[in-house]
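Open your viewer and get ready to click around. We'll go stop by stop, and at each one you'll hear what to select and what to look for.

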Amino acid sequence: MRGMVLIDGGIFQPEQPASPPYTDKPAAVEPFYLDIAEVSVGDYRRYLSESPDATEPPIWKEFDSSRLPDDRPMTYLSWEDALAYAEWHGKRLPTHAEWMWAARGKELRLRPWDPKPGWHGVNSGAQYEARKGIDHLVGQFLTHSRPTQSLLGDATPQGVIHMLGNVAEWTE
């Protein structure tokens with residue numbers, strides 16, 4: 001599928017102990033396709049213009065959303081909106097085990113692009129300070145987020161980028 005890569009299946013062994021709502025039991029992961037990058041603001045704008053049921057993120061009503069570059073990752077979507085977007089494209093959200101399997105691989109890489117074992121939950125993406133107001137929030141996003149097709153050198157061995165950092169992603 002265009003813009004996606006096939007991730008081989010295997011047995012995903014979660015961290016011990018897992019924090020709720022996740023399980024620490026091994027999970028069989030069947031082969032699946034995953035987008036190589038996050039949904040961009042431009043992708044979501046096209047969805048809004050082409051889907052009569054799509055709704056703008058509520059936060060867009062609080063500032064001039066035209067300030068958001070089309071190449072930045074889409075944020076502040078509800079799980080339902082993310083699911084609707086995926087289904088509109090004939091796709092689905094990955095399960096948590098699938099997402100972790102794609103990020104860590106059978107080698108349990110420390111970072112998605114790194115062969116060392118272990119996982120420390122480091123998120124190098126922007127940390128937002130909502131209490132400082134919407135303009136500060138948008139400024140932090142514009143300063144710290146990266147275009148969805150950037151940092152190609154930090155891709156997983158399968159070619160998926162931004163698995164660690166940039167923005168948080170929804171799973172099934």
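Where is Arg72 found? Select Arg72 and you'll land in the loop between α1 and α2 (79–88); helices (H or I, at least four residues) and strands (E, at least two) are DSSP runs, numbered from the N terminus.

Residues are numbered from 1 along each chain as its sequence is written, and side-chain values use heavy atoms, with hydrogens and water left out.

**Stop 1: stay on Arg72**

Is Arg72 buried or exposed? Arg72 is buried, with a relative accessible area of 15% (buried means under 20% relative accessible area, exposed over 50%, partly exposed in between, with a 1.4 Å probe and protein chains only). Now show its contacts, meaning heavy atoms within 4.5 Å. Leaving aside neighbours within four places in sequence, Arg72 touches residues including Val39, Ser40, Val41, Phe141 and Leu142.

**Stop 2: the whole chain**

Zoom out. The protein chain has 4 helices and 4 strands, and along the sequence they follow the pattern β-β-β-β-α-α-α-α. Buried residues make up 40% of its 172 residues.

Colour by pLDDT, the predictor's confidence in each residue, from 0 to 100. The chain averages 81, and 83% of the residues score at least 70. Over residues 117–129, though, the pLDDT is below 50. Where pLDDT is low, the predicted coordinates should not be read in detail.

**Stop 3: the largest nonpolar core**

Select Tyr44, Ile59, Trp60, Phe63, Leu68, Met74 and Ile134. These have the most contacts inside the largest nonpolar core, which has 16 residues. A nonpolar core is a set of buried Ala, Val, Leu, Ile, Met, Phe, Trp, Tyr and Cys residues joined through side-chain atoms within 4.5 Å. The elements giving two or more residues to this core are α1 (41–50) and α4 (134–144), and the largest share, 4 residues, comes from α4.

Click on Met74. Not counting residues up to four places away in sequence, Met74 touches Val39, Ser40, Val41, Tyr44, Pro57 and Trp60. A second, separate core of 14 residues includes Val29, Ala97, Met100 and Ala103.

**Stop 4: helix α3**

Why is α3 largely enclosed by the rest of the structure? Select residues 96–104: 8 of the 9 residues of this helix are buried, so the rest of the structure largely encloses α3. Among the buried ones are Trp99, Met100 and Trp101. The buried residues of α3 pack against β1 (4–7), β2 (10–12), β3 (27–29) and β4 (32–35). Step past the helix and you reach Gly105, whose phi is positive, near 70°.

**Stop 5: Gln13**

Gln13 is in the loop between β2 and β3, and at 32% relative accessibility Gln13 counts as partly exposed. Try the distance tool: Gln13 and Trp101 are 88 residues apart along the chain, yet their C-alpha atoms are separated by 8.8 Å. Leaving aside neighbours within four places in sequence, Gln13 is in contact with Asp24, Pro26 and Leu108.

**Last stop: Met1**

Finish in the segment before β1, where you'll find Met1. Met1 is exposed, with a relative accessible area of 57%.

Note on methods
This is a predicted model: local features need pLDDT of at least 70, side-chain atom pairs count only at pLDDT 80 or more; totals for chains, interfaces and linings use all residues.
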